[in-house]
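Please show me this structure.

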Amino acid sequence: MENGAPESWVIDNHKDGLFRVHRRTFTDPHVLALEKERVFAQCWLYAGHESEIPNPGDFRTRQVAGRPVILVRGTDGQVRVLLNTCTHRGAQVCREKSGTTKTFQCAYHAWTYNNQGELVGVPGEDAYSEAFDRRQLGLVTAPRTESYRGFVFVSFNPAMENLVSYLAGAREYLDLVCDQSENGMEIISGTQLYSMRANWKLLVENSIDGYHALPTHKRYFLEFLPDTGVEVQRMRIAGTAKSLGNGHAVIANPEIPFGRPVADWIPAWGEAKKAEIEAMYQKLIARFGAEHAYNIAKVSRNLLIFPNLIINDIMSVTVRTFFPLAPDYIEISAWALAPKEESPENRVLRLDNFLTFLGPGGFATPDDVEMLEACQRGYANVREVEWSDISRGMTRQAPLASDELQMQVFWRRWNELITGSRPARVREAA
Amino acid sequence: MPVDHHQIENFLYREARLMDEHAYDEWLSLWAEDLLYWVPCNEDDIDPQRHVSIIYDTRPFLEDRIERLKSGVAYAQEPKSRLRRVVSNIEIEEGDNGEVTVYSNFNLTELRRSRQDTFAGRTIHKLRPQGASFKITYKKVLLVNNDEVIDNLTFLI
């Protein structure tokens, strides 16, 4: 390979049950350049949720894979992801974070677009030749935009397979999240923004890592939760891990006693809430049958949709996406997701659950950041210590949430896209 | 009894020093039983019961925040940040029963792992007289960067 790259990035040795990842995948600017082209310019990427722009004209600006975009619902009701750059000389036509508008007018020369992206006004248009056709100069949309149950994705590859087929087995797990509501889920107002001086793939691994939960978050699980009245003997993480196809994976953990507003009661919420949460559960059983209801309400899940969407349906539901600005730096956007019909009182419980674990002031996220930055610093030894080991549970018939199958699934897909080959190179581990 | 501005300023300076020096128990002792400690996210004026915050602590959560910081396993503060802050632009609004609302600005320098960061913001304290001093019933911190990426807000602000 070019630039003195190792002969393989991933060692996938089924025979001996060993899986290794080369640490230059976390440090090498050349790898990041390949990822931008072969991963982020190809795969379906989460752009936002339809509930963030409920009414015609509503818009939000953000970055998707480094590109400034406008997530907007047009007057025609259709959700679009417009690339935020004037087709004239390039200025961002929308310079606000969010709002409601009929038009986007570029402040530079006043070219004006409607909220469907069509160019509807060019001052002094008579100065242009006959060949100038403003119908061809609308704001450019992401080449592909598709939604699944409110989750809006884009792909910058016009030939990408359709979203539902891309989601493969992840669809069933998105359904488990969406089925928590009869009226649809919504993003709760507010975006937590945080950064990490670590490679983006470290956060992928960490977001679906059952093995780290007790060591890294010992206090949360062994002191904070027991303080809220949870019996310590219930405190176990005994779930399973599953490959969902196309690099997607999930860990599912039954009955972790951190309380789930839909619908797993904890003592901290008081006796008065117990009947209400139980009734919510019974309603799910009536709608979906006992097994599906149990999976919706009593099983938490950490879901990776390849490459960079995490939906962690745990003590609260968080939707998290992130993009590398450098091999060792990412910025993360995280939202809370909830049933639209949730009562104000339960919304408060949900936000408490969210904030006591998640975000830059939470009781868990900052410690994850610290660990991932510690990994990244450790990788400065990459010349002498080349490989990370991700073999845990590799030969187990039914892998556990505390195994590393889910990371192997991610890395196999990553390796296929980066190297352009189907299976990862198999060789004896060093 | 007229409000003693000098005493209130000293209270704020003391609180700042306790935060800077990670004197967690002493800092917690400044708070009233019925407390609210709030750092809004994205905007200064949001409804914290309908919008995600960065921190929104009632007493049990603030007590746990302090226990966590004292535990030795809050890795985001092991090692701890070196902190020094300046509190200034103090304005005092007198309320009923000797309660006061105090507006102030702060500028905080944080050093951790060879990297120096600056945080700045406005703080709104509600103080209730108790004995010869006050207890904090409410503290809202309006970070200048509350709508930007923040990498670690584990120390006390």
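**Cavities and their linings**

Guide: By class, the second largest cavity is lined by 7 nonpolar, 3 polar and 3 charged residues. Ala, Val, Leu, Ile, Met, Phe, Trp, Tyr, Cys and Pro count as nonpolar, Asp, Glu, Lys and Arg as charged, and the others, Gly among them, as polar. This is a predicted model: local features need pLDDT of at least 70, side-chain atom pairs count only at pLDDT 80 or more, and totals for chains, interfaces and linings use all residues. Residues are numbered from 1 along each chain as its sequence is written, and chains are lettered from A in the order in which they are written.

Visitor: How many cavities of 30 Å³ or more does the structure hold?

Guide: A cavity is a set of points, on a 1 Å grid over the protein atoms alone, where a 1.4 Å probe fits but cannot get out; lining residues have an atom within 4 Å of a point. Points are joined across faces, edges and corners, and a volume is the space filled by probe spheres set on the points. At 30 Å³ or more, the number of cavities is 6.

Visitor: What volume does the largest cavity have?

Guide: Its lining has 27 residues, with A:His212 and A:Asn302 among those nearest its centre. The volume of the largest cavity is about 310 Å³.

Visitor: Which element gives the most to the lining of the second largest cavity?

Guide: Helices (H or I, at least four residues) and strands (E, at least two) are DSSP runs, numbered from the N terminus. The second largest cavity is lined by 13 residues. The largest share, 4 residues, comes from H1(B).

Technical notes
Side-chain values use heavy atoms; hydrogens and water are left out. On a 1 Å grid over the protein atoms alone, a cavity is a set of points where a 1.4 Å probe fits but cannot get out, and a pocket is an open set with protein on both sides within 12 Å along at least five of seven lines; lining residues have an atom within 4 Å of a point.
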